[in-house]
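Dear colleague,

Please find below the structure that I am handing over to you. My notes on it follow directly after.

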Amino acid sequence: MKRQTFSVFLLSAVIMAVQGCTTQSWNTNTLPDEQQIHAMLNGEAINQDSWRLSQHHYPQFRVPQNVRPCCAFGDMQKVNVGAVPVPFFRLDNLRAREDVGPHKFASGIYHFTPASASALNQAGGENNGLMYTRRGGFIDLAHVRDTADDTIALFFDILAHLGKAHRIELPSELGPRYIELKAFDTSALTAEQQWQIAAHVAARLAYFKAESHEIAQWHGYSSFTAWPETISAYSIEDLYSNMLGAKLVLALIQQRKILSEEDYNRNLTLWLDASLRQLDAVDKTQARMALDAVDGIWWDSQEAIPSKYMVLKRHYLLGDTQRPYLAKSQVSEVTDFPVILSLPSRLYDLELDKIAVLVLEINSKYRSSFSHIPDKLWRKRITHLTFRDIAAYDEKEDQKELARLGLRSGPEE
């Protein structure tokens, strides 16, 4: 992106008007238990797996209130502001693995990490964009990072209130959005089991928060009223990317690599880089080849952002198992096989969705957009348990509109 152009200045101003930075930070520590102290005093082996936090020192901070600017599916797209094309401008979306910068919790529009604070000794910003991987399809880095940050923020709140009735407020989109924790008996659970349950619930709900954002975008929500976001609703790379972020931080929580913001940022930087390598991320030339192979099938390079039907193929199969879309091109090989991501719904014989649900209420402003959906699914409120049903009705409406426009949705692969 050429920042010196007026076009980019205009776009950046729009984004900056709706993106906030955060000063939230945390720094906590684990406490030794009696067995570890006994072992130390008596020259015995210390159990390194025995971790616990003082409840008086649980970090307290909100779920990030804004999402990172993310990419519309495609590359080098034209951009319109209202009905006016932005002249001499194309949106350079693509990134290679070596382009990816260090992570910063709730970074907002931009931040700078010095090389000395970066786990990869790489200075700069996050440098988010769209990547192609041979085993994970297209990856939107902003989506990965947003859900990662939501997971860590939710974790400490859930851990502090596990077993109690508690409400966690989330940023409003179509209406009030929040998490309801249910009261249940935790007396039979060890501290380690409670830690694990809180971690898994946080990862699931951070991911389902991302699903609620896809629904909100389809039904007319946008961060900036003059900039519609329907183009991004149910985009094929979004939820796979979101689930990758949730799983990354679930793993970091399980290993206690998140006890300070610095610890979290450095470890997520390392784990994201290693994950992209294992998913077999390609270079920008190859990523562009993958996009070219699905031009006119999954997206239309002749359309301009923010036209909804610049994106032709969408992903409506919400839920806790996500399969990537692999483009058939010179980039992919016969030996390629997808990495399917999932989040467990049960742990220690407990149904995690009975411990907490994500709730979305619909303000009157958006109710007409739900007219094609039975009232029982949304009128009172929506929970993540019915998100997939909502998406199925939205898919039917899109198929009708595509037919009216003489367009077609591309095949899955």
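What percentage of the 413 residues of the protein chain count as buried? The share is 53%. Please keep in mind that this is a predicted model. The protein chain holds 8 helices and 13 strands. Among its contacts between residues at least 6 apart in sequence, 72% join residues at least 24 apart.

Helix α4 and its partners

Helix α4 covers residues 191–218. Of its 28 residues, 24 are buried, and the helix is therefore mostly covered. Just after α4, Gly220 has a positive phi of about 110°.

Two packed helices are described by the angle between their axes and the distance between the axes. With helix α3 (residues 141–161), α4 packs at an angle of about 135°, and the axes are 8 Å apart. That angle makes α3 oblique to α4. The crossing of α3 past α4 is right-handed. In this contact, 14 residues are nonpolar, 4 are polar and 3 are charged.

With helix α5 (residues 238–254), α4 packs at an angle of about 165°, and here the axes are 9 Å apart. Because angles over 145 degrees count as roughly antiparallel, α4 is roughly antiparallel to α5. This crossing, too, is right-handed. On the α4 side, the residues that meet α5 include Trp195, Ala199, Ala203, Tyr207 and Ala210. On the α5 side, the residues that meet α4 include Leu239, Met243, Ala246, Leu250 and Ile253. By class, the contact of α4 with α5 has 10 nonpolar, 4 polar and 3 charged residues.

Thr186 sits in the loop between β6 (177–181) and α4. Is this residue, Thr186, buried or exposed? Its relative accessible area is 18%, and since buried means under 20%, Thr186 counts as buried. Leaving aside neighbours within four places in sequence, Thr186 is in contact with Leu162, Gly163 and Gln194.

Helix α6

Helix α6 comprises residues 261–278. At 1.5 Å a residue, its 18 residues should span 26 Å, and the end C-alpha atoms are 25 Å apart, which agrees. The buried residues of α6 include Tyr264, Leu268, Leu272 and Leu276, together with Glu261 and Asp273. What covers the buried residues of α6 includes the strands β3 (130–133) and β4 (137–140) and the helices α3 and α5. Just after α6, Asp280 takes a positive phi of about 65°.

Positive phi in residues other than glycine

Most residues other than glycine have a negative phi. Ala106, in the loop between β2 (84–85) and β3, has a positive phi of about 45° although it is not a glycine. Ala106 is buried, with a relative accessible area of 11%. Arg256, in the loop between α5 and α6, likewise has a positive phi, near 55°. Its relative accessible area is 6%, which means that Arg256 is buried.

Yours sincerely

Methods. Residues are numbered from 1 along each chain as its sequence is written. This is a predicted model: local features need pLDDT of at least 70, side-chain atom pairs count only at pLDDT 80 or more; totals for chains, interfaces and linings use all residues. Side-chain values use heavy atoms; hydrogens and water are left out. Axes are lines fitted to C-alpha atoms, for helices over the stretch in contact, and angles run from 0 to 180 degrees between N-to-C directions. Helices (H or I, at least four residues) and strands (E, at least two) are DSSP runs, numbered from the N terminus. Angles under 35 degrees count as roughly parallel, over 145 as roughly antiparallel, 65 to 115 as roughly perpendicular and the rest as oblique. A crossing is left-handed if the near helix is turned anticlockwise from the far one by less than a right angle, and right-handed if clockwise. Ala, Val, Leu, Ile, Met, Phe, Trp, Tyr, Cys and Pro count as nonpolar, Asp, Glu, Lys and Arg as charged, and the others, Gly among them, as polar. Contact means heavy atoms within 4.5 Å. Buried means under 20% relative accessible area, exposed over 50%, partly exposed in between (1.4 Å probe, protein chains only). The expected span of a helix is 1.5 Å times one less than its number of residues.
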